[in-house]
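This report goes through one protein model by topic, from its core to its surface charges. Please keep the sequence and the structure in view while reading.

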Amino acid sequence: AGKKAQKETRKDSQSEIDQIFNGETLLKDKVKLLDEIMEDIADVTKAVAMGNVNGLMLSGKAGTGKTHTVTNALDKAKAQYNVVTGSASTSGIVKELFKHNNGIIVFDDCDSVFDDQESRNIFKAALDTKKARTVSYKKQNPAFYDPDKVTSPEQLEAYEAEGRIPNTFELDRKSTRLNSSHL
């Protein structure tokens, strides 16, 4: 009886979407729901392209059309965007945010970023709802420098010539939009 009660509780706690897709719902109803979800994703993506929303984070089963929906909506909005596909470390995410801080970044098939707490924290900072957000990566890493410890314009020039980036920088809604698509 205990296992049956656990199973019923688990089923009751499933989202409506899970119940539709895992239940015996007709295929046409599943397709209709998926179409509605993709329309919503396209609408939010358009809001990202317009700078009204800081970003969008998607996660779901492969092959459901997330990347296609996002890139199609960005193309329709005539938005410029950069795509990072495959893998991204925390420092790599920070570098991409700094490098493309005046555009949209689509992280596609970068599943491991969701497994790493530091990466999730960087995304949370970048996707915060505030207009201006601060991204900080305060780990010892030779690819970064502390702007508070720069003592001269020559030192700053040297850091920039080496390709180093500040370990803290601001993102602003008008100039930075992040779109993360996870397949």
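**Conventions**

Helices (H or I, at least four residues) and strands (E, at least two) are taken as DSSP runs and numbered from the N terminus. The model is a predicted one, in which local features need pLDDT of at least 70 and side-chain atom pairs count only at pLDDT 80 or more, while totals for chains, interfaces and linings use all residues. Residues are numbered from 1 along each chain as its sequence is written, and side-chain values use heavy atoms, with hydrogens and water left out.

**The loop between strand 3 and helix 6**

Cys110 sits in the loop that runs between strand 3 and helix 6, and Asp109 belongs to the loop between these two elements as well. Buried here means under 20% relative accessible area, exposed means over 50%, and partly exposed lies in between (1.4 Å probe, protein chains only). Cys110 counts as buried because its relative accessibility is 1%, whereas Asp109, with a relative accessible area of 33%, is partly exposed. Asp109 has a positive phi of about 60 degrees, although it is not a glycine.

**The nonpolar core**

A nonpolar core is defined as a set of buried Ala, Val, Leu, Ile, Met, Phe, Trp, Tyr and Cys residues joined through side-chain atoms within 4.5 Å. The largest such core holds 21 residues, of which Ile93, Val94, Leu97, Phe107, Val113 and Val135 touch the most other members. At least two residues of this core come from each of helix 5 (90–99), strand 3 (104–108), helix 6 (117–127) and strand 7 (168–172), and helix 6 gives the most, with four residues.

Ala88, in the loop between strand 2 (81–85) and helix 5, is buried because its relative accessible area is 11%. The C-alpha atoms of Ala88 and Phe107 are 8.3 Å apart, and the two residues are 19 apart in sequence.

**Helix 4 and the residue that follows**

Helix 4 spans residues 66–76, and its buried residues are Lys66, Thr67, Thr69, Val70, Thr71, Ala73 and Leu74. After helix 4 comes Lys78, with a positive phi near 55 degrees, although Lys78 is not a glycine. Lys78 lies in the loop between helix 4 and strand 2 and counts as exposed because its relative accessibility is 71%.

**Salt bridges**

A salt bridge is counted when a side-chain nitrogen of Lys or Arg lies within 4 Å of a carboxyl oxygen of Asp or Glu, and by this rule there are two. In one, the side chains of Glu118 and Lys139 meet at 2.7 Å, N to O. This pair links distant parts of the chain, since Glu118 is in helix 6 and Lys139 is in the loop between strand 4 (132–136) and strand 5 (144–145), 21 residues apart. Both partners count as partly exposed, Glu118 at 33% relative accessibility and Lys139 at 44%.

Arg164 forms a salt bridge with Glu162, with 3.7 Å between the closest N and O atoms. Glu162 counts as exposed because its relative accessibility is 55%.

**Glu36**

Glu36 has its place in helix 3 (residues 27–49). With a relative accessible area of 39%, Glu36 is partly exposed.
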